[in-house]
Protein chains: 2
Amino acid sequence: MPRDVPRLYVPIPMHQGMILTLEDAQAHYLLHVMRMNVGSTLHIFHDDAGEWLARVVSCNRKTLHIEIIERVLPPQLSPDLWLLSAPIKGKRMEYIIEKATELGVRKIVLVRTERTIAAHLSEDRLNAHAIEAAQQCERRDVPKIVPIQPLAHILEHWDVQRPLLYGDETGAGMRADRAMAGLTYPLALLIGCEGGFATHELEMLRAHPATIPLHLGEHILRADTATIAALTLVQHYSASMI
Amino acid sequence: MPRDVPRLYVPIPMHQGMILTLEDAQAHYLLHVMRMNVGSTLHIFHDDAGEWLARVVSCNRKTLHIEIIERVLPPQLSPDLWLLSAPIKGKRMEYIIEKATELGVRKIVLVRTERTIAAHLSEDRLNAHAIEAAQQCERRDVPKIVPIQPLAHILEHWDVQRPLLYGDETGAGMRADRAMAGLTYPLALLIGCEGGFATHELEMLRAHPATIPLHLGEHILRADTATIAALTLVQHYSASMI
């Protein structure tokens, strides 16, 4: 659960003694939410740099200058698990991004299925949610969000070395223990949108050499619940993470 | 995932041929969101009555009269699993209620721990979220929400016949497969608020005869994520539901 030391994702090369300027939303957060001042410490991180301790050396109402003190943790990528997600509307999509980040997904691929109805998808906004969630949950990397592509295109270009589990609502899927038997990373998980996959999509999925149908229970789960439940089970069986 | 036939929770005794009047939010939803009219059909349900088919027999702009046609499904209670939840602020608490409902919890007990900070908890609002989620996910019962009580009080009056799993962030918990070994319903799951349990609360939990510490992984999970992940695993190991 969230700690007190602020953590910021700052995607630039880092080295000891370097002075960085923070502005805009990051400066606002540190100055006016966390009430930092000269001498306050924080952590900054990104995928290649790991996590570094830094200290505020000067600030005004809108800008901070921080000095990088030392590296406290080496870089660490999340497990090689991708989430393929048919976007849903509004807050629930932001929630999926946040939860997938917390549950340790390395990449999020947006997928257009026949029943996908989410219209105006702001990738900037989804990225901002991924960054915020990574900052909160002590991940040292931020999941990459891949712009939306049609399901057929994704399956056509799929690397069969990466097993693709998909949430199968028809009752024909396997329970997670069976579906995950013998699997390790790299892995991917596909969750359709509410309304499920169309018949021709199910046929395409079933015929594909890399896919494994995953049963997610008798209950009707919303897309966000199905995503979190399936990620929990995949991580539970693959990584001993949960 | 959600279906097209509207389902409404109507907590009154039901029998064939009965005429019901629907007003306010329910009428608004049916008339102006679902655009129902005379002859439209819907399902109504509650814990003791099961699920019934009904048909609109008359309506105006604000009220509908429906006739109960026949019972389509007998009553069905969710598994005897309780969620003990230290409330968190705002939308995230509503989300916990919604997800616990979808994941098949029979009762939600609000718990005050030392670090609980949620101040203004509207039980009516939480109840409304539970009802809405139950309507969406085809449950035939609605989880009862029990008003907030201090953790110490709950533990003191606990029926030891109901094992109480609790999310243990200290690293001393057991993985779900071990924690759940040999357990069946009745069960309960306790998730603390962000910031975790205080030391004296952990001591109280460890000393209690009904408790089992559950490890939820190396990552820092927000309270809502921890709740959904833990419920997924408990249901997975206890009921073959997921």
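The contact between the two chains takes 29 residues from chain A and 29 residues from chain B, where two residues are in contact if their C-beta atoms, placed from the backbone, lie within 7 Å. On the side of chain A that touches chain B, the elements giving two or more residues are α2 (91-102) and α7 (223-239) of chain A; helices (H or I, at least four residues) and strands (E, at least two) are DSSP runs, numbered from the N terminus. The largest share of this side, seven residues, comes from α7(A). By class, the side of chain A that touches chain B has 14 nonpolar, eight polar and seven charged residues. Here Ala, Val, Leu, Ile, Met, Phe, Trp, Tyr, Cys and Pro count as nonpolar, Asp, Glu, Lys and Arg as charged, and the others, Gly among them, as polar.

The model is predicted: local features need pLDDT of at least 70, side-chain atom pairs count only at pLDDT 80 or more, and totals for chains, interfaces and linings use all residues. Residues are numbered from 1 along each chain as its sequence is written, while chains are lettered from A and ligands numbered from 1 in the order in which they are written.

Within chain A, the domain assignment (automatic or from a database) gives domain 1 (7-73) and domain 2 (81-239). Taken over C-alpha atoms, the centres of these domains are separated by 33 Å.
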